[in-house]
Every structure is written in C-alpha cells, then in structure tokens.
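Keep the structure open beside you as you read.

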Amino acid sequence: MSTTFQIDTATSRATPTPAPMKRLTIPAIRRRKKDGVTEEPIVMLTAYTARQAQLLDAHCDLLLVGDSLGQVIYGLPSSVPVTLDMMAAHGAAVVRGSYHAAVIVDMPFGTYEQSPQQAFESASRLLKETGCAGVKLEGGEAMAETVEFLSNRGIPVMGHIGLTPQAVNVLGGYNARGRSDAEAAKIVNDAKALDDAGAFAIVIEGVVEPIAIEATKAISCPSIGIGGSAECDGQVLVTEDMCGMFERVPRFVKRYADIAGLISGAAEQYAQEVRARTFPGIEQTYQPKKPA
C-alpha cells in the first residue's frame, strides 16, 4: 500500500493521490491482539496538519490528532485550554492528508466528562466534521460508562490512563505514575474497566514499566505505550518530540532527528544571503520550458 504525490497547480503544493489501497479500520487494529498477544506491534504518531499526515501516513497504523497540539502548535502551557473547534479543524486536515492510517482525534478537556450524553454530542461532531475513525478520551474506571455509551452508539473509543495530561492540575505535574501500591492497582483496574466497557485500545502513559506490562496482560484490547514499556502492544510519540523540534523532551523520548537544527540553519543561511544580496532572483531559479 502506498500513496503517490502530484503537484496541485492551484496551490503549487504536493497533494496525495491515493493508489489502490484501503485505510486501516478500527476492527483491524483491534484484531492485532489475539489471545493476549500482538505479533505485529501497532505504530502510532501524532499529526496536526495535512502535510505532516502525508509524510507519516505510510509508516503508521494510527495517526493521533492529539490535544498536545495546544503546546506544540499554539504555545499553550498545557492541553487544558484546547477547544473542540481546534480539534475539529486539525482533525479534518489530518484526515485529508492521509489514506492509510486510521485517524483518532482527542476529545479536549471539558467536552466529555459531564455525562455520556455530552460526550456523544462532542464525539459525534468530531466524526462528522473530520471523518476520523474514532476518538480518544482520558480517564479510567470513572469514564467506563461513557466509553460503553459511545461504543454502543457506533463511536470507537481509545482510552488513556496513567499519566493523563488533562488532569495535570490534580496530578501536580508530569511525573511517572504507579510508584505506590495503591496507584499501581488503580492503573490496572482502570485498564480492565475500559477494556470491559468496549475501548478498542488504551494508551498507557508515563507508567512504571512493571505496571504497564501488568496492565497490558490484563486486557484483551491492545495497549499503546508512551513512556511505559516496550512490551506494550504498540507505541506512540509526539512527532515533534521524536523529530527533535524542541530542545527539551520527556526522558523516555528517543530523538531520531534534529529538525529544529535543520530549520534554524536553513533560516540562518537564507538571512545571510538576503542581507548580502546574494539571494537568487527568479531569473536564476525559474527555467521556462522551451516550446516543442
């Protein structure tokens, strides 16, 4: 399966043209885990724009339009101020830019916690306006009723337990969870509750490794680790962290590139050429085709 690219003459940008292929479905993702074993780990990365989705799509099973866009795109101090309008706009862009991966959109803080009915209203809007395959919400046993309510009404739900960024004010920071016996037991129980409620997958974030492994083994749906364990059924990272767009990243993130350095270096060279008046003009860069 692959995606080819052509130049859109209206925008002068590369736009994806789908080759014969079929987008991954939520049941296909769910079936990756069989009898407690996932032979082919699930690959998931965040995406916030159409172009980013184009570049990641061929390599990922899932693209997550995370509410981390609050910090990454908008420079907000946390994900708490993110709105449903933001998620809908970016979710639609990522769906337009992808043809292979199943796209999951985060439900922002305050749009689903009040009641299952509120959650359905928010989630159905995201599915309608973006074309995404499912939604993700934070919280364990307390959100099980909502997960079941949505699942029974045709909305696939990915859970999120352990370190839940939307609850940063209650947690008191972004520290690893599951260090105490009580907290460890709660994380495992949260995973079981969401699994029983019908979640098709569960993100386990910032959890000490033995507890992430225990939670993974305790559920029938796939677990997606982020700062948990390599033994989870899949992994997710914020793409900008993985690509080195920021100087400071969580300790569990492996930086595969230094994109920030490349961009800064290119901008520096450009600025030097402009100021030295050595920047090429259109005559030097544009070569019109000769008539046949």
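Helices (H or I, at least four residues) and strands (E, at least two) are DSSP runs, numbered from the N terminus. R125 has a relative accessible area of 26% and is therefore partly exposed; buried means under 20% relative accessible area, exposed over 50%, and partly exposed in between (1.4 Å probe, protein chains only).

Before going further, a word on the source: this is a predicted model, in which local features need pLDDT of at least 70 and side-chain atom pairs count only at pLDDT 80 or more, while totals for chains, interfaces and linings use all residues. Residues are numbered from 1 along each chain as its sequence is written, and side-chain values use heavy atoms, with hydrogens and water left out.

By the salt-bridge rule, the count comes to seven. Another of these joins D61 to R32, with the closest N and O atoms 2.9 Å apart. D61 sits in the loop between helix 2 and strand 6, and R32 in the loop between helix 1 (26–30) and strand 3 (33–34), so the pair links parts of the chain 29 residues apart. Both D61 and R32 are buried, and together with E40 they are linked in a network of salt bridges.Next, find D233 and K33, whose side chains meet in a salt bridge at 3.0 Å, N to O. D233 lies in the loop between strand 11 and strand 12 and K33 in strand 3, so this pair ties together parts that are 200 residues apart in sequence. D233 is buried, with a relative accessible area of 5%, and K33 is buried with a value of 5%.

Now turn to the strands, where two strands pair if DSSP finds at least two bridges between them. Strand 5 (residues 42–46) has four of its five residues buried, so it is largely enclosed by the rest of the structure. Four bridges join strand 5 to strand 12 (residues 234–237) in parallel, and here M44 has V236 as its bridge partner. Strand 5 also pairs in the parallel sense with strand 6 (residues 62–65), over three bridges, with T46 partnered by L64. Strand 5, helix 2 (residues 50–56) and strand 6 make a right-handed β-α-β unit; a crossover is right-handed if, with the strands pointing away from the viewer, the path from the first strand over the helix to the second runs clockwise.

How many residues of strand 10 (residues 201–205) are buried? Five of its five are. In a regular strand the side chains alternate between the two faces of the sheet. In strand 10 both faces are covered, with A201, V203 and E205 buried on one side and I202 and I204 on the other. Strand 10 pairs in the parallel sense with strand 9 (residues 157–162) over five bridges, and I202 is the bridge partner of G159. G159 itself is buried, at 0% relative accessible area. On to strand 11 (residues 223–226), which runs parallel to strand 10 and is joined to it by four bridges; there V203 stands opposite I224. Strand 10, helix 9 (residues 209–218) and strand 11 make a right-handed β-α-β unit.

Finally, look at F279, in the loop between helix 11 (259–275) and helix 12 (282–285). F279 is partly exposed, with a relative accessible area of 45%.

Methods: A salt bridge is a side-chain nitrogen of Lys or Arg within 4 Å of a carboxyl oxygen of Asp or Glu.
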